[in-house]
Amino acid sequence: MNDLRFVIYLYSYGPPTIVAAEGVSCTELVEQGPPVVRMNGVSKVYNEYSNVVHALQSVSLEVNDGDFVAITGPSGSGKSTLLNIMGCLDRPSSGKVMIDGRDTAAMSDRDLSILRGRKIGFVFQGSNIIPHLTVLENVMLPGILQKRPMAKLRERATQLLELTGIVHRATHKGIHLSGGEQQRVAIARALINDPVMILADEPTGALDSVGAGELMRLLVGLNKQRHITTVMVTHESKLASYAQRSIQLRDGQVMHGPNIGW
Ligand SMILES: Nc1ncnc2c1ncn2[C@@H]1O[C@H](COP(=O)(O)OP(=O)(O)OP(=O)(O)O)[C@@H](O)[C@H]1O
Ligand SMILES: [Mg+2]
């Protein structure tokens with residue numbers, strides 16, 4: 001899937017009128033209370049070509065409004081699988097996932113895509129910046145997919161680019177930005193629909209240590225000053241220490257102990 005298709009997949013949804021006809025009002029989707037994420041006994045089994053992988057095993061956790069949570073663990077421990085389930089990009093094999101008070105099991109794929117588009121912002125290791133769009137257009141894209149008015153979107157996108165320190169590149173094409181600059185754009189884009197949380201999978205993975213530190217300070221600042229709930233996957237304990245709490249995964253299970261998990 002190319003970057004444009006991927007961003008459309010993350011943030012698009014069908015017309016609200018159709019949703020209303022299905023009995024799920026968009027207002028209802030927006031106005032739920034904490035916790036932002038509640039998982040209970042969540043397991044994920046991949047079963048391809050008769051190879052069975054237990055990627056997650058009975059994971060239970062909560063992410064509350066305003067949290068900054070790091071998910072750590074060795075490669076293959078299930079971090080991305082967990083984040084993808086939190087982000088309604090994938091469904092669990094068993095267990096309960098509540099996002100902003102809604103039981104995702106009871107939701108159709110369309111409802112999940114609405115929830116995802118309106119409530120969740122995504123930042124990945126590769127920023128998925130669309131190279132031939134300008135920085136401003138990249139940030140506006142999820143809002144355009146949500147059919148929000150263009151003038152307001154442009155204003156909001158400009159504010160977010162100011163917030164993430166990259167507004168001076170607003171009219172530049174995405175292809176011309178450095179890795180760190182692209183991630184700043186990706187964070188602004190993740191915030192354009194005023195989500196309840198940002199999910200970031202190795203957001204500093206493509207950056208050097210200076211760039212990684214700068215990006216972490218930006219994420220921490222947004223969390224503290226703007227109250228943006230953030231869940232971040234990282235390999236590095238140094239980066240995890242920026243978070244308020246860590247959830248450590250091993251072999252698909254949450255490790256419990258002092259300062260680890262719940
Ligand atoms: N679509 C899939 N089909 C089969 N197995 C999969 C699939 N996706 C992930 N897995 C397996 O599930 C396990 C957890 O994968 P996951 O990508 O969640 O790990 P991770 O902790 O994010 O690793 P990394 O740090 O390398 O990104 C791994 O053993 C992986 O090979
Ligand atoms: Mg991963």
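Select helix H9, residues 209-226, in this predicted model. H9 has 18 residues and spans 25 Å from its first C-alpha to its last, close to the 26 Å expected at 1.5 Å a residue; the expected span is 1.5 Å times one less than the number of residues. Helices (H or I, at least four residues) and strands (E, at least two) are DSSP runs, numbered from the N terminus.

Residues are numbered from 1 along each chain as its sequence is written, while chains are lettered from A and ligands numbered from 1 in the order in which they are written. Because the model is predicted, local features need pLDDT of at least 70 and side-chain atom pairs count only at pLDDT 80 or more, whereas totals for chains, interfaces and linings use all residues.

Next, colour Ala212, Leu215, Met216, Leu219, Leu222 and Asn223, the buried residues of H9. A residue is buried if 20 or more other C-beta atoms lie within 10 Å of its own, exposed if 12 or fewer, and partly exposed in between, with C-beta atoms placed from the backbone.

Now display the elements against which the buried residues of H9 pack: strand S3 (68-72), helix H8 (179-191), strand S8 (229-233) and helix H10 (237-240). Just after H9, His227 takes a positive phi of about 65°.

Move to strands S1 (residues 37-48) and S2 (residues 51-63), which run antiparallel and are joined by 9 bridges. Two strands pair if DSSP finds at least two bridges between them. Select Val45 to find its bridge partner in S2, His54. In the hairpin of S1 and S2, 2 residues lie between the strands, and Tyr49 takes a positive phi near 50°. S1 is also joined to strand S4 (residues 94-99) by 5 bridges, again antiparallel; there, Ser43 has Ser94 as its bridge partner.

Finally, select ligand 1. Among the residues surrounding ligand 1 are Tyr46, Glu48, Val53, Gly78 and Lys79, each with its C-beta atom, placed from the backbone, within 6 Å of the molecule. S1, S2 and helix H4 (79-86) each give two or more residues to this shell, and H4 gives the most, with 3 residues.

Notes
Two residues are in contact if their C-beta atoms, placed from the backbone, lie within 7 Å.
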